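Me: I am new to this one. Please show me how to read its features.

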Amino acid sequence: MHLGPDFHIAGGPLSRRAEAVMIDAARLLASSRVSFVVESSVLPKELLDALRDCQARVLALHVVADKAVIGNRLRGRASGGSAVDQQLAALFARGEMDPLIFRPPSGVDAVTTVDTSTGEEPPVQIIEQAFMTLLTSTRATGSQGPGRTPT
């Protein structure tokens with residue numbers, strides 16, 4: 001596949017189609033009261049709206065790193081020759097990457113932030129505890145009626 005110079009993975013035609021498929025799948029799972037994980041660097045408003053429509057509970061894992069670390073990682077990926085990685089690295093270097101992608105998502109039930117600046121594996125216990133806290137608070141408040149699924 002050849003990607004043109006105006007193609008951007010975030011917001012481009014390919015990512016918009018992939019996002020639509022992800023939203024449809026999430027809606028199906030949440031409406032079936034299935035707990036699941038969505039891996040995405042950005043949680044689109046449409047996805048959160050679909051989950052809220054299904055009364056799902058959402059725990060967002062907000063992964064952060066120092067600006068210099070992010071720049072180094074993007075340059076490292078770009079050195080592999082991928083057109084998309086080269087575009088992202090160039091956008092970041094010029095300061096043109098939308099700063100909103102580095103903020104925690106809004107409209108979720110809980111956010112857990114993990115800093116990956118050191119390159120070490122983040123402790124899984126932090127994520128497990130956040131999930132359990134959300135699950136327990138949902139049950140304790142009685143708000144997990146039919147359809148209330150921690151997602």
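This is a predicted model: local features need pLDDT of at least 70, side-chain atom pairs count only at pLDDT 80 or more; totals for chains, interfaces and linings use all residues.

Reply: The crossing of α1 and α2 is right-handed. Residues are numbered from 1 along each chain as its sequence is written, and side-chain values use heavy atoms, with hydrogens and water left out.

Me: At what angle do the axes of α1 and α2 cross?

Reply: Axes are lines fitted to C-alpha atoms, for helices over the stretch in contact, with angles from 0 to 180 degrees between N-to-C directions. The axes of α1 (residues 13–31) and α2 (residues 45–53) cross at roughly 15° and come within 9 Å. So α1 is roughly parallel to α2 (angles under 35 degrees).

Me: What is a salt bridge, and how many are there?

Reply: A side-chain nitrogen of Lys or Arg lies within 4 Å of a carboxyl oxygen of Asp or Glu. The count here is five salt bridges. One joins Asp-109 and Arg-57 (3.5 Å, N to O). That pair links distant parts of the chain, 52 residues apart.

Me: Is Arg-57 buried or exposed?

Reply: Buried means under 20% relative accessible area, exposed over 50%, partly exposed in between (1.4 Å probe, protein chains only). Arg-57 is buried, at 12%. Asp-109 has 36% relative accessibility, so Asp-109 counts as partly exposed.

Definitions and conventions
Helices (H or I, at least four residues) and strands (E, at least two) are DSSP runs, numbered from the N terminus. Angles under 35 degrees count as roughly parallel, over 145 as roughly antiparallel, 65 to 115 as roughly perpendicular and the rest as oblique. A crossing is left-handed if the near helix is turned anticlockwise from the far one by less than a right angle, and right-handed if clockwise.
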